[in-house]
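This report examines how the parts of a protein model meet one another. The sequence and the structure are shown first, and the description follows.

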Amino acid sequence: MVIIEVQNLFKQFIIPHERRDSIKEHFVNIFKSRKYESFNAIDDLSFEINEGEFFGIIGRNGSGKSTLLKMLAGIYPATKGSIKVRGRVAPFLELGVGFNPELSGKENVYLNGAILGLTEKQIKKRYEDIVQFAELERFMDQKLKNYSSGMHVRLAFSIAMQAGADILLLDEVLAVGDADFQRKCFEKFREFKKAGKTVVFVTHDLTTVRQFCDRVLYIKGGKKVNIGSVHEMIDQYIYGDRTGTITSAQSPAVIAEVKVDQGQPQSRVPGPAQSVNDGDKEVQITKVEYLDHKGVNNEKFVSGDSMTIRIHYKKNTNVDSVVCGIAVYKDDGYHLYGTNSLLQNKAIKLKNSGAVDFRTEKLNLLAGDYALTIAFHGEDGKPYDWRDKEFYFTVIKNNNDDGVVSLNYQFHA
Amino acid sequence: MRWNIQHYQLYLLLGIILWNFFAEGTMAGLSSLVAKADIIKKIYFPRILIVLASTVSALLTLLLNIVIFFVFYFLNGLGLHWWMLLFLLYLAVLYLFVVGISLLLSVLQARYRDIVQIWEVTLQAGFFMTPVIYPLQVIPEQYWWYLSLNPLTSIIQYSRLLLIHSQLPTLLATVYVTTGMLMIGFISLLAFNKLSKDIAEKI
């Protein structure tokens, strides 16, 4: 059964250039015309969510995810279009809405429960469960202001989980709490999933989306990019739009040795003319591309996927074969890896122009930005073309491992 | 000038009690939405509840004050009469009127933050333009019509008439003042419903 139906939804925000929020300001500027811009936060969005589904909404910052959630919760009215929701919604854009520090824990349970739409009777019935889940039995008569922030969050989350709504709207609320608390949240989620509840979920944490969601809506600039299975959507999210702003949004670390502008992907691949590098250009690297597992040009890779580095070259003199060397650096300049074709006893025969592929089936690097040094040189070490840390790629995490490299491991006990 | 008013203390007390209820209720209602901005932005529930809840506290003060009023009432040797129950109707209508004004002011306050200062001044002026401390009779009769445009004048005068002077206001007068106040309340409610839709963005 379709439980949430969104049809041709629009949300327009009017952004005045100068804010006037008092009668006095209006009066003083009575003859000044008001300039404002309008901005479509949600732009013709249609989708359906089925009952019992864990539905994820992903998209970059400012893509309209939170606005959409607020509209589903009824906080923002639609400019155009319709939202039909069948069932009671419990929105958790923030945990513990309306908590009053001057009231006791118990009173706050009743207060927050009432805000979530529970009757006093219903709260009374669930009170014991709430307190037990929060592990705060001893503190319920204390004022909330004397709670630690951890206790605060635990209490809020327990109420949220016991609210017993048909539809839960969650906006990054899982980002709070310690590891232990998060584990508890996830356990509760699995219970919800078993109980057939509908959960709508906005997050940047793709690992969580992978773990729980059945279907994912991917939005960009308020428009639906696609809707479908988790795997496909995340794939599209990461690999899909190469022209997007992910580079600037997700890799704030500017590589110190960069000679080219980070913002423009094309300029990272220098043409022969502007080459200032070592080597006498008997063989010239003309272009370096990265191909993802679909064979599509990309600069972002999910950890563990395959990656191909395609090095295009041009021969200027009569050289038969070269040694191709590759070194990988972390964005802080740390040398992680280096190899060359000689070490593999592989001679690279050259045509007049062509490409050399460097392919790794499983990219064992964890999330981060990496720089590449690529060089062609003779077997005697004579450099033909040496490009020091001139090429970049980004790795996106697929799990919560920490560090730089991924080891293929298994625990045995 | 001497005001020849029977039971002037009661007369004054009743006027002040009713006026204070109006002033206190609307001031509390006015700032209620803005004060709860963080909740409004995070969750939906009927926004009218916030305004209602804020005026309830003024209503409780009013009821307590009326108890005190009746203590003095009996000390003055006045007795009850069954048609004084009409006073309850007046109170109910006055409360709805206060809620209505609060609704209107609260959504306006969310948009224009200086409404509160304007309303404070308006209340001060209103206090002297309503016969709270002075009797209506000191105003020349040809101006009474203007004063009757202020519904509080009517409700305070009729309550005094009913309780202190044991006179039943005419049916027409009662209908006139109740429908007038309810109409204002209702229009405010409509305005509130319209203006509170996008309150989460504006607040």
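How many salt bridges does the rule find across the interface of chain A and chain B? The rule finds 2 salt bridges there. The model is a predicted one, and the values below are computed from it.

**The interface between the chains**

One salt bridge joins the side chains of A:K11 and B:E201, at 2.6 Å from N to O. The largest share, 3 residues, comes from α1(A). By residue type, the side of chain A that touches chain B consists of 11 nonpolar, 4 polar and 6 charged residues.

In terms of contact, 21 residues of chain A meet 19 residues of chain B. The two chains bury about 1600 Å² between them, and carbon and sulfur atoms give 64% of this area. Three residues, A:I23, A:I75 and A:I115, supply 31% of the area that chain A buries against chain B, more than any other three residues.

**The two domains of chain A**

Chain A is divided into domain 1 (2-240) and domain 2 (249-396). The C-alpha centres of these two domains of chain A are 44 Å apart. Contact between them involves 4 residues of domain 1 and 10 residues of domain 2. Of the area that domain 1 of chain A buries against domain 2, A:D235, A:I238 and A:Y239 supply 84%, more than any other three residues. The residues of domain 1 of chain A that touch domain 2 divide into 3 nonpolar, no polar and 1 charged. Across this domain interface the rule finds 0 salt bridges.

| Interface | Buried area | Share on carbon and sulfur atoms | Residue pairs in polar contact (both at pLDDT 80 or more) |
|---|---|---|---|
| chain A and chain B | about 1600 Å² | 64% | 4 residue pairs |

**Confidence in the model**

Chain A has an average pLDDT of 81, and 89% of the residues score at least 70. Over residues 242-276 of chain A, however, the pLDDT is below 50. Beyond near neighbours in sequence, this stretch of chain A has 51 contacts in the model. Where pLDDT is low, predicted coordinates should not be read in detail.

Note on methods: Residues are numbered from 1 along each chain as its sequence is written. Chains are lettered from A and ligands numbered from 1 in the order in which they are written. Side-chain values use heavy atoms; hydrogens and water are left out. Contact means heavy atoms within 4.5 Å. Buried area is the accessible area (1.4 Å probe) that two parts lose on being put together, summed over both. A salt bridge is a side-chain nitrogen of Lys or Arg within 4 Å of a carboxyl oxygen of Asp or Glu. A polar contact is a pair of N or O atoms within 3.5 Å; within protein, one must be able to donate a hydrogen and the other to accept it, and residues adjacent in sequence count only if both atoms are side-chain atoms. Helices (H or I, at least four residues) and strands (E, at least two) are DSSP runs, numbered from the N terminus. Ala, Val, Leu, Ile, Met, Phe, Trp, Tyr, Cys and Pro count as nonpolar, Asp, Glu, Lys and Arg as charged, and the others, Gly among them, as polar. pLDDT is the predictor's confidence in each residue, from 0 to 100. Domain bounds come from an automatic or database domain assignment.
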